[in-house]
Amino acid sequence: MTVQCRNWENAESLCTQPQAGKDVISLVFNPLNWYQLCALGATSLTVWNIEKSASFHVLKPSTIEFPAKDGSIIERLSPTLHMTKPCTRARLTPSAICWTATSELYVGCEEGFLLLVDPESLSVSLLFNPTTADATSELQESSFQSLTFNKNNLIAVGKECRVHCLQIKGTQVNITRTWQLERPVTTVMYFPDQETLLLSSKSGQIYTLNSAQSDEIVKVLDVLSGNFVTAALLHTDRNICVSLRESGELQLWSSDGICISSLFLQAEVTGLACCPIAHYAAVGTASGIILFIDLNDEQQPRLVHQVQLHHTAVDQLV
């Protein structure tokens, strides 16, 4: 990856850093200091400082060393050289970042840990450890997918269908509000007004939430994206088609191609069969579970039962 910084007013290139890393999934400027940005990689976190002398600019990187997967901080040998002791233990995997109001970084991890990083000293503090006995149960079940900060609150979304508003005081993390979603989202950010949240999913949905006005999450776009796995006809005189997408979404379609309703199953789906005598569908999964969907109300399909038949994928359903 190459990092290049430009003056947005005249498109002039200020500095370029080739071979600046690989597998970078997020690049975020410090909103309080445009001379500082953070690059989140699949297994690493780098803070880039733009140093300036007259019209000359240069990018200087600082790499953040993460704790081991048990949450233990790995001691540095030299604060000047930023060296670490040789470590064979697996480290935490960063998955989400956002800047704080004091130019520090909140870092969420796939393992459910929440960290605070000081980009000046490169120190890492542990804010939330999901493995401790007193850890908040709602957060224990989560892995951080995206973070955004506003005023005194941190908004966090995970792989489950919930949005949490977190209040952090010192190393104490509390959930102050939670909103339920119809499916998981992967990105959350504030509009420029700093009041309305924008949320988006990999399956093509965009939502907004203004908690000061209402607790309702509004779907503003649904592009019905994703490849189809299979489809089957529902045995009804209305010629309803039932389809499955790779994302795990079950959809009902009218004969003129209009999507009537959908249900996100939160599973890797492999097959589908519709009952010939009742309005039910069975969905096979890669984990060997069969899901039973009630389609009596075509506007609101429901997951009503599931059975673990195998420990390998269900390849075919008839």
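C38 counts as buried, since its relative accessibility is 0%; here buried means under 20% relative accessible area, exposed means over 50%, and partly exposed lies in between, with a 1.4 Å probe and protein chains only. The model is predicted, and therefore local features need pLDDT of at least 70 and side-chain atom pairs count only at pLDDT 80 or more, while totals for chains, interfaces and linings use all residues. Residues are numbered from 1 along each chain as its sequence is written, and side-chain values use heavy atoms, with hydrogens and water left out.

How many disulfides does a search of the whole structure find? The search finds zero. In the case of C5, the closest cysteine sulfur belongs to C15 and lies 4.3 Å away, which is too far for a bond. C38 is likewise in no disulfide, as the nearest cysteine sulfur, that of C98, is 10 Å away. C5 counts as buried, at 6% relative accessibility.

Another buried residue is Q36, with a relative accessible area of 1%, and its place is in strand β4 (residues 33–41). Strands are DSSP runs of E with at least two residues, numbered from the N terminus. The side chain of Q36 makes a polar contact with the side chain of N49 at 3.0 Å; such a contact is a pair of N or O atoms within 3.5 Å, where within protein one atom must be able to donate a hydrogen and the other to accept it, and residues adjacent in sequence count only if both atoms are side-chain atoms.

Strand β26 (residues 280–285) runs antiparallel to β27 and is joined to it by five bridges, where two strands pair if DSSP finds at least two bridges between them. Within this pairing, G284 stands opposite I290 in β27. The two strands form a hairpin with three residues between them, and G288 in the turn has a positive phi of about 90 degrees. β27 also pairs in the antiparallel sense with strand β28 (residues 302–308), over six bridges, and here I289 stands opposite Q308 in β28.

Terms used
Disulfide = S-S within 2.5 Å. Helix = DSSP H or I, 4+ residues; strand = E, 2+ residues; numbered from the N terminus.
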